Amino acid sequence: MADVVGVHGVGWQFESRDKMIDLWRGHIAAGLHNVRSSKHATFVFEPAFYGHLYNAVTRHKGAEPRADLDGFEESFLRELAGEPPTGGKTYLPGGVQWALRALESTDFFAGLGHYAILKFVKQVGRYFADVELRAGVQAEVLSALKTGPSVVVAHSLGSVVAYEILRDEPGLRVDTLITVGSPLGLRVVRERLGIAADAAENWPPGVRRWVNVAATEDAVAVVKELKPFYGAEIADEEVRNSRIKAHLAVRYLATARTSEAIADAIA
């Protein structure tokens, strides 16, 4: 039985389950030690690793990051950057060009170029559009959740996957859900998840406590508070990560707010 299940986000397609164990468990342990948890050296960590599934060949046009974006991907990109002005007549729609320029000017995406930003957006888009991939990702995360963890720590796209499963599988019981760097507040994501207008209806039934941690500098978690959409009981915590690496999971895993929430749940 696991104490903590971790669910990663995009960008792990060339990594491994073992690397996730080493990286995530090490940073969680360091954070727990910082807050003087007696479990920092003994807690059991279970990775929900699905990165390898993104290497499968697919007919979905979002498998490779190209300039053409489907409706979800364009909306996702535009919402990350803020709603752009209309206009522009080159190979990308004007709004998309504006969004790419805006994101490239942020510390998080600085120096990555259009290709890397589109790749990031398309991995999120592919999760929603590729039925086979989505089923595989959900199967992996569900398998990890069935180990009976006290805590689920879900980063970025992983927070979307974890939330969706915990909402739709009422038999699962988790003491604490911790979402970090989450895009769950974005309108386009909420629409894809079918989020109800009444926030109270969106709480995952088997979760006792939900802590959402968002870095001030994180462009992906641009909507810092999930409480208005998923329930008044959510503890929305804003933290400061390093500016350039604001969205990285490891920055979140050892932050005091994340560590305190994990420590409380596994005490």
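Guide: Begin with a term: contact means heavy atoms within 4.5 Å. This is a predicted model. In it, helix α5 (residues 131–145) lies across β1 (4–7), β2 and β3 (151–155). The helix runs at about 165° to β2.

Visitor: How many helices and strands are there in the protein?

Guide: The protein has 10 helices and six strands. Of its 267 residues, 52% count as buried. Among contacts with a separation of 6 or more, 73% are between residues 24 or more positions apart. The accessible surface is about 11,600 Å², and carbon and sulfur atoms hold 51% of that.

Visitor: How do I read the sheet?

Guide: Strands of a sheet pair through backbone hydrogen bonds, either parallel or antiparallel. Here the six strands form an open sheet in the order β2-β1-β3-β4-β5-β6, and the pairing is parallel.

Visitor: Which strands stand at the edges?

Guide: The edge strands are β2 (45–48) and β6 (235–239). Each has a single partner strand, so one side of each has no neighbour in the sheet. From one strand to the next, the twist averages 20°.

Visitor: How many bridges join β4 to β5?

Guide: Six bridges join β4 (residues 174–180) to β5 (residues 207–215), and the two strands run parallel. To find the pairing on screen, look for Thr 176, which stands opposite Arg 209 in β5.

Visitor: Which strands does helix α10 lie across?

Guide: Helix α10 (residues 256–266) lies across β1, β3, β4, β5 and β6, and runs at about 170° to β4. Its buried residues are Thr 258, Ser 259, Ala 261, Ile 262, Ala 263, Ala 265 and Ile 266. The elements covering them include β1, α1 (17–34), β3, β4, β5 and α9 (249–253).

Visitor: How do I read two helices packed on each other?

Guide: Two packed helices are described by the angle between their axes and the distance between the axes. For α5 and α6, the axes come within 10 Å and cross at roughly 70°. That makes α5 roughly perpendicular to α6, because angles of 65 to 115 degrees count as such. On the α5 side, Arg 134, Val 137, Gln 138, Val 141, Leu 142 and Leu 145 take part, meeting Val 161, Ala 162, Glu 164, Ile 165 and Leu 166 in α6.

Visitor: Which residues have the most contacts inside the largest nonpolar core?

Guide: They are Phe 76 and Val 189, in a core of 47 residues. Helix α6 (residues 157–168) gives the most to this core, with seven residues. A second, separate core has 28 residues, including Trp 24, Phe 43, Val 180 and Val 213.

Visitor: What does Phe 76 touch?

Guide: Residues up to four places away in sequence aside, Phe 76 touches Phe 120, Val 121, Val 124, Pro 183, Leu 186, Val 188 and Val 189.

Visitor: Let us finish with one residue. Is Val 7 buried or exposed?

Guide: Val 7, found in strand β1, has 0% relative accessibility and therefore counts as buried; the cut-off is under 20%. Val 7 and Ala 154 are 147 residues apart in sequence, yet their C-alpha atoms are 4.5 Å apart in space.

Technical notes
Residues numbered from 1 in each chain as written. Predicted model: local features only at pLDDT ≥ 70, side-chain atom pairs only at ≥ 80, totals over all residues. Heavy atoms only, no water. Pairing = 2+ DSSP bridges. Helix = DSSP H or I, 4+ residues; strand = E, 2+ residues; numbered from the N terminus. Axes fitted to C-alpha atoms, helices over the stretch in contact; angles between N-to-C directions. Buried < 20%, exposed > 50% of the residue type's maximum accessible area, 1.4 Å probe, protein only. Areas by Shrake-Rupley, 256 points an atom, 1.4 Å probe, with all protein chains shown as cover. Core = buried A, V, L, I, M, F, W, Y, C linked by side-chain atoms within 4.5 Å. Parallel < 35°, antiparallel > 145°, perpendicular 65-115°, else oblique.
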